[in-house]
Amino acid sequence: MVPNPYAWINESLATIHRANWYRSVQTIHGRPGAMVIVDGREVINFASNDYLGLAGDDRLIEAGVAATKQFGTGSTGSRLLSGHRELHRDLEVAIASLKQTEDSLVFSSGYLANLGAITALVGKRDLILSDEYNHSSLKNGAILSGATVIEYPHSDVTALKNLLSQRQNYRRCLIITDSVFSMDGDLCPLPTLLNLAEEFSCMLLVDEAHGTGVMGKTGAGCVEHFGCTGKQLIQVGTLSKALGSLGGYVTGSATLIDFLRNRAPSWIYTTALSPADTAAALAAIKIVQLEPQRREQLWANVDELKKLLQLLPKLKLLLSESPILCFQLPSAAAALEAGKQLKASGIFASAIRPPTVPTSRIRISLMATHESTHIQKLVEALLSIYI
Ligand code: PMP
């Protein structure tokens, strides 16, 4: 009898279980918000990327419903064939206006935006220099492009400069980085990266997935936060975090966007974003621009939590400059156990383990719609577990 060619899958799963790397879903019931029902139990939500609390906002929901009634559920085709609607263009103009860039291009997800941009910009004869902590979509975009990929130590601009100085005869060079590192909460050294890119005639692509709506005075992201608005670079982002919808985008010069419309396979060969998601994202951008108080409340919540966490010197907090706060745990098993204990105390926070990150941790993300009592309950739960 020939061996079963699929048997290795069972063995591989068993290895994942043994390492405590096994992942499973938890069912969230009802609308997303600061409080959610997870697997039948109401808990305070510190596990969401809905930083401004917009995913359950009536205005986004109504925009989505109205667009569905007017334009149907599906876009029915790719943008270049039958899928393009006025709404897509309106959203692209709104993103460019938020970011103060010349133009933007909406993709069906942030993941696809990174894959599309990177594979369009570089190929076999090129070099990508990539932060070692970059998101999976940047890493996989780099691999898919066929370029030579070198990872530099996290945010280490000296190492990056050395790599740039030693760069050989590559046709083009692209530096890729997250702006807010989503599993740590720290920011990339953007001004230095921009200087290096300029000095070494290199392109720079920054993933603003966790920066948009959150960082910068007007919510335009880390580029604004660091005073780099208007500089030549490529920004990628998602509509699915602070903007409460689904989809992704690339934004930058009009030439770049025109080029991507002709060369980014994950934009050309996939169905256009649904009317509901497009309209919801458009409504979210208006709110980001008209209601700075949401962002102010989010940052007030970050300050409040950081202050209270001083009561917990035992927690190994990672350096954070964003609404993402992580504390390190010695093993994947310890992170899973901490996640369970927090949930038993009414707190929903994610246990993040390898291979997603190098070391296991609990990730807490704050929302504008958290109230003081939510934050106090989180700290009480941590105190009861760690003191
Ligand atoms: N980049 C980063 C840094 C992310 O965290 C994510 C989502 N986890 C993405 C890209 C992908 O975005 P999307 O969920 O829209 O595919």
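On a 1 Å grid over the protein atoms alone, a pocket is an open set of points with protein on both sides within 12 Å along at least five of seven lines, a cavity is a set where a 1.4 Å probe fits but cannot get out, and lining residues have an atom within 4 Å of a point. A volume is the space filled by probe spheres set on the points, which are joined across faces, edges and corners.

The model is predicted: local features need pLDDT of at least 70, side-chain atom pairs count only at pLDDT 80 or more, and totals for chains, interfaces and linings use all residues. Residues are numbered from 1 along each chain as its sequence is written, and side-chain values use heavy atoms, with hydrogens and water left out.

Stop 1: Helices (at least four residues) and strands (at least two) are DSSP runs, numbered from the N terminus.

Now show the side chains. The polar contacts here are pairs of N or O atoms within 3.5 Å. Asp-207 has a side-chain N or O atom 2.6 Å from a nitrogen atom of the ligand. For Lys-241, a polar side-chain atom is 3.0 Å from a ligand nitrogen atom, while Thr-238 places one 2.6 Å from a ligand oxygen atom. The protein covers 82% of the 390 Å² of accessible area (Shrake-Rupley method, 1.4 Å probe) that the ligand has on its own.

**Stop 2: the second largest pocket.** This pocket holds about 580 Å³ of space. Select Lys-231, Gln-232, Leu-233, Ile-234 and Ser-253, the closest to its centre among 25 lining residues. Helix H8 (190-199), strand E8 (203-207), strand E9 (234-238) and helix H10 (254-263) each give two or more residues to the lining, which divides into 12 nonpolar, 9 polar and 4 charged.

**Stop 3: the cavity.** The structure holds 1 cavity of 30 Å³ or more. The largest cavity has a volume of about 50 Å³. Its lining includes Arg-79, His-88, Phe-107 and Trp-267.

**Stop 4: two loops.** Go to Pro-355, in the loop between strand E14 (350-352) and strand E15 (361-365). The peptide bond from Pro-354 to Pro-355 is cis, with omega near 10°. Then select Thr-76, between helix H2 (58-71) and helix H3 (79-83). Thr-76 is not a glycine, yet its phi is positive, near 75°.

Terms used
Polar contact = N/O pair within 3.5 Å; in protein donor to acceptor, adjacent residues only side chain to side chain. Nonpolar A, V, L, I, M, F, W, Y, C, P; charged D, E, K, R; others polar.
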